[in-house]
Amino acid sequence: MTSHKTAQTMKPATAAKKLGVYLQATPAEFQEGVVSRSELNALQADPPQWLQDLRRNGPHPRPVVAAKLGVSIAGLARGGVTEALTTEQIDALKNEQPEWLQRERATQAEVRKEAARIKEKNAARDGQDDGPRS
């Protein structure tokens, strides 16, 4: 009895998500094939030029756009941003500071502040709970 391992593979969309790139901007051979775990690791360890260019210039997927703008993905949608944006477009939005972006950044700051408050409260509660139990 020999056990033989098959390579774990993933769809191109999953690999693109893990690489933080917009699938439609990747080369056709990437979009049409499957990506093995070892291929993904190789792309992450030593990114080819196309991957470096995509990460630098975009177009970027919505999670990356949201992170670069300091807002949530839902905030992007509320602001009317539904497509992938290039680094240049993101920088233009940062410079323009439209009203929706200011509002969403303020909302995101409040969410982070509240999350930190809850974390501190839970840490304090857990710290008090270290006494002996009977």
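Pro59 sits in the loop that runs between α4 (49-57) and α5 (62-69), and the peptide bond joining Gly58 to Pro59 is cis, with an omega of about 5 degrees. This is a predicted model.

**Backbone**

- Most peptide bonds are trans, and most residues other than glycine have a negative phi.
- Gln97 has a positive phi, near 50 degrees, although Gln97 is a residue other than glycine.
- Gln97 belongs to the loop between α7 (87-96) and α8 (99-128), and with a relative accessibility of 26% Gln97 counts as partly exposed.

**Aromatic pair**

- The structure holds one aromatic pair, in which Phe30 and Trp50 are tilted, with 5.5 Å from centre to centre and 55 degrees between the planes.
- Because Phe30 lies in helix α2 (residues 28-32) and Trp50 in helix α4, the pair ties together parts that are 20 residues apart in sequence.
- Phe30 is buried, since its relative accessible area of 8% is under 20%, whereas Trp50, at 25% relative accessibility, counts as partly exposed.

**Salt bridges**

- The structure holds six salt bridges, and one of them joins the side chains of Glu104 and Arg78 at 2.8 Å, N to O.
- This pair links distant parts of the chain, for Glu104 is in helix α8 and Arg78 is in helix α6 (residues 73-78), 26 residues apart.
- Glu104 is buried, with a relative accessible area of 4%, while Arg78 is exposed, with a relative accessible area of 51%.
- Glu99 forms a salt bridge with Arg103, with the closest N and O atoms 2.6 Å apart, and both residues lie in helix α8, four residues apart, about one turn of the helix.

**Largest pocket**

- The largest pocket contains about 270 Å³ of space, and of the 14 residues lining this pocket, Val21, Tyr22, Pro61, Arg62 and Pro63 are the closest to its centre.
- The elements giving two or more residues to this lining are α1 (12-19) and α5.
- The lining residues divide into nine nonpolar, two polar and three charged.

Methods: Residues numbered from 1 in each chain as written. Predicted model: local features only at pLDDT ≥ 70, side-chain atom pairs only at ≥ 80, totals over all residues. Heavy atoms only, no water. Buried < 20%, exposed > 50% of the residue type's maximum accessible area, 1.4 Å probe, protein only. Phe/Tyr/Trp six-rings, centres within 6.5 Å; stacked < 30°, edge-to-face > 60°. 1 Å grid on protein atoms, 1.4 Å probe; cavity = no way out; pocket = protein on both sides within 12 Å on 5 of 7 lines; lining within 4 Å. Points joined across faces, edges and corners; volume = space filled by probe spheres on them. Nonpolar A, V, L, I, M, F, W, Y, C, P; charged D, E, K, R; others polar. Salt bridge = Lys/Arg side-chain N within 4 Å of Asp/Glu carboxyl O.
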